[in-house]
Amino acid sequence: MFDFTVVTNWIDALLLSFLPGWAATLVECVLVALAIITLYAVFAIILIYMERKICAFFQCRLGPNRVGKWGSIQVLADVLKMLTKEIIDMKNVDRLLHKMAPFLVIVASMLTFACLPWNKGAEVLDFNIGIFFFLAAGSIGVVGILLAGWSSNNKYALIGAMRSGAQIISYEVSIGLVMLTMIVLTGTMSFSEICQQQADLGWNIFRGHVPAVLAFIIYLIAGNAECNRGPFDMPEAESELTAGYHVEYSGMHFGFYYLAEYLNLFICAGIASTIFLGGWAPFHVLGLDGFNHVMDYIPGAVWMIGKTFFVVFLLMWIRWTFPRLRIDQLLALEWKYLMPMSLVLLVLMAVCVSLGLTL
Amino acid sequence: MEVKKRAKIKSFPYEEFKDNETYEKLVQELNANGANVIVTQLDNLIDWGRSNSLWPLTFATSCCGIEFMAVCAARYDIARFGFEVTRNSPRQADVILVSGTITTKMAPVLKRLYDQMADPKYVVAVGGCAISGGPFTKSYHVLKGVDKIIPVDVYVPGCPPRPESFLYGMMQLQRKVKVEQFFGTTNKKQKEPKE
Amino acid sequence: MTLDNIKTLEPSQLRAEMQGLKAKGFDYLSNLIGMDWGEEGGLGVVYCVENTATHEQAWLKTATTDRQQPVLPTVSDLWDIANIYEREAYDFYGIIFAGHPDMRRIFLREDWVGYPMRKDDKPEEQNPLRMDNEPLADDTTQYELQADGTVTTKKNVVFGPEDYVVNIGPQHPSTHGVLHFRVALDGEIIRKIDPVLGYIHRGVEKLNESYTYPQTLALTDRLDYLAAMQSRHALCMCIEKAMEIEVSERVQVVRTILDELQRIDSHILFFSCLCQDMGATTAFLYGFRDREKILDIFEETCGGRLIINYNTIGGLMADIHPNFQKRVKEFIPYMRKNIKEYHALFTGNVIFQNRSKGIGPLTKEQAVSFGCTGGTGRAAGWANDVRKNHPYAAYDKVDFNQVLRESGDSFDRYMIRLDEILESLNIIEQLIDNIPEGSYKEKTKPIIKVPEGTYYQAVESSRGEFGVFLESKGDKSPYRLHYRSTGLPLVAAMDTACKGFKIADLVTIGGTMDYIVPDIDR
């Protein structure tokens, strides 16, 4: 397996050869930040294109096909348009909060994006409480949404934001519990160690068998709700609240919400693939050494991104099939079903681990 | 120096558009002052982006709205042009397709919707009612053409227009967007309202 | 049907007579039509009440010659729907209904001057285009007629200062057009709905009075554009019966087939829009995919997709296309197969079931009192199908079921429509091979003049009873041509159906009620 630390160490050594220590660190930070922002933008464009095409195929349509080959640069046109679109200043809004809200959302989204382990040795934010940090950083996003609803001075936005607040905070409970379940299995909160463990011992979803599979399903449902995507797109609920909390945002401010929605989907899928499906760890079958050897030739980043897109596809499939839930049903689903189930799972997993019943 | 811009629409030859005279006049007007080469290139890029990403506001008052839904649906599929992202909030939309009769009670609402949209914004008057009042032009409660209250970019006649004419109208709008200038002229069409 | 036995009543006798009728089982007020009979006849109202058990109709009229302050007694306490009908008459004719709790304009702006449907009113001169925001009052007036003949007023509150009022519409994706609900909310729960109509009020009834009969036909298609065939059918039939034109068997059968195709078209669109409103976008596109097949048939035979303009006085515009039968026969099995797909994709979905079962129920009594005909009434168990109760065209020759359900909630209203698609397919199947030979159009005079009299014709349109009320003075244009809107009662019932449910349910209930706004506003 290719270890990305070779590359980072080489860059580090190169920079240190002609720069003092602090300057080298600064340059590295800038480089990493640039890389993250670029990746963020690229993935957003890919995801939006993917969503439009996939939903078109689900709906017996063609989807974008006139800008570039198969409409492949359609999203670039959208981005250009969005960048040059007017950002409307409104009277009677809380200006500071109104302008700050989209940035909070995008910052939260980028912070969590930086947690994803791309390859062996290619983690940006990696420390021993990685999952804890991820959950904490992810929670900032909801502040942005609540502020957007509150500062817009619009009843639709306010209702949308309140719904969103209730929804995200509720579903974070399940996500946290499900992640705890997996931490019980792995015994570590660091993303890099979780991946390394899975590369050595097999994917968590196989190791943890029944509780892990159930946890994976709960994670997908709760994660979908965290991203505010259908069938949980209550805060936006187009047919009820026109555009929900971002109804008053135009231009790139709206663009931030739009980007964050897709990136949150990607992050949610990325975390799912990290803690359940092995992250960058290749697929191994016990006893088939030849097969395993071939699998090892595929780079870790490809595995990671491939798995993530697989989960993204699953989530899109759900989005384009189901009708929307109602807010009380949504909260009932969480507090009456998912949360008790995740508590039981946590106990079950603890029992499995302590009795050595994991594979 | 006069810069002659001619918008190209994919798989639709220039000669096959119906009213090229009006169009050329428009091009002349827009480019009367000329512009330098770099700015023109940048303009082209931005216009390309804008013309391929005209997100419509979901706005329909009557029959034409159903035909608009048909345009969005599988057979005609407006998504091919990248226009399927219909926005429900006027702040996020680029083009308002006024499809259906506008009554005098609705007129202030339409005007307000138009004012709420962010620049650059475009208006397409779809169907006889929006163009002139159509079959209801003699009525006491019908606005005789939306161009009385908001500036219209493209007129799509019909009662209701067929989905093909919707698409043709949208392509005409694309042609118009493609010759606009972002730099050098004012980007904002509407004056700031007086307090 | 010629109405030569309309019972004329003095305003003072009206309430006693109406109470008597209500007690006798005439529990469905199908029409309440404002009228202006000029200086001598005065301003008045024509009522039509129907016995839902025997389908017997009673027509009454009353009038007052006071044009300054015309006061008539209200019947809004007897039939719920009279509330909104009387507001319509007040709006257009300025007739004040004493005892009505809510005498506000409903279609026109509150600052509108004059009453446009009066024969001597000049609406355009008094009402320039107003571009300021529309005033919406939070209180309303109730007029009471005292024993000495004077009229006193009383203020009633629509929304109090403590109500959190959200405007849903007129520009809102799930109101299916430009409908405006003022909704008082308590958190997510709906306390009260006040519909504000008229954003697409095009003055069709007033226009009719200046148009010749063939011209009036063109406007019917544009009322309820998803019942274009049936609305036009009703008007043609009404004029034909008034002029005693006998149309051929062929025309009857073709009209029936096309009416049913139109019904399927409308119900598919209902399905699509409901799915869209509830967030299932894919199902929306599946519905539209199938709808295109019907539009293909329409286009080939009639030339239009949505606005079809096919029926005409004395028959049809043109004979059916040679491919018509083949295409329709291909369509029947195709649609039957796809209905199964709809059920698999959407009906069985647990989210949809939870969101629609028990949501927004209307009891049978409420449905009758509000006059909610069509699928909405039948979902509550009210057998109101005009095709069965007052057969017309070729409906007495075919065998079909009137689909009824019990609970009247959103799920039943939804299922009724999907089942009706299957029933319509059955009707078409019985007729499509048996289109008799004959002429497609009877010869009519170049200028059509309807003999003096009053006529009424109802058809079962896609969403209920669509009625045409025609009063002629023997001229080439009608003296009064009123349409019984299918959607107005449905909107009137929204407050009752939605109260206590959540704001998300408003979308479900509105979607399953299935109203079309231009038909409400006319």
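**Notebook: two interfaces in a predicted model**

Entry 1. I looked for polar contacts between chain B and chain C, and the rule gives 13 residue pairs, both members at pLDDT 80 or more. The model is a predicted one. I then checked which elements of chain B supply two or more residues to the side that touches chain C, and found α3 (63-72) and α4 (107-116). Sorted by class, that side of chain B has 25 nonpolar, nine polar and eight charged residues.

Entry 2. I counted six salt bridges between chain B and chain C. I looked up the one that joins B:Arg75 to C:Asp296, where the closest N and O atoms are 2.9 Å apart.

Entry 3. I noted the extent of this contact: 42 residues of chain B touch 49 residues of chain C. The two chains bury about 3900 Å², with 66% of that from carbon and sulfur atoms. On the chain B side, B:Lys105, B:Phe136 and B:Tyr140 lose the most area to chain C, together 23% of what that side buries.

Entry 4. I turned to chain A and chain B. Here 35 residues of chain A meet 39 residues of chain B. The buried area is about 3000 Å², 52% of it on carbon and sulfur atoms. A:Arg66, A:Lys81 and A:Lys85 supply 24% of what chain A buries against chain B, more than any other three residues.

Entry 5. What does A:Lys85 pair with in a salt bridge? I found B:Asp94, at 2.9 Å from N to O. On chain A, α3 (74-83) and α12 (251-275) each supply at least two residues of the side that touches chain B. The largest share, seven residues, comes from α3(A).

Note on methods. Residues are numbered from 1 along each chain as its sequence is written. Chains are lettered from A and ligands numbered from 1 in the order in which they are written. This is a predicted model: local features need pLDDT of at least 70, side-chain atom pairs count only at pLDDT 80 or more; totals for chains, interfaces and linings use all residues. Side-chain values use heavy atoms; hydrogens and water are left out. Contact means heavy atoms within 4.5 Å. Buried area is the accessible area (1.4 Å probe) that two parts lose on being put together, summed over both. A salt bridge is a side-chain nitrogen of Lys or Arg within 4 Å of a carboxyl oxygen of Asp or Glu. Helices (H or I, at least four residues) and strands (E, at least two) are DSSP runs, numbered from the N terminus. A polar contact is a pair of N or O atoms within 3.5 Å; within protein, one must be able to donate a hydrogen and the other to accept it, and residues adjacent in sequence count only if both atoms are side-chain atoms. Ala, Val, Leu, Ile, Met, Phe, Trp, Tyr, Cys and Pro count as nonpolar, Asp, Glu, Lys and Arg as charged, and the others, Gly among them, as polar.
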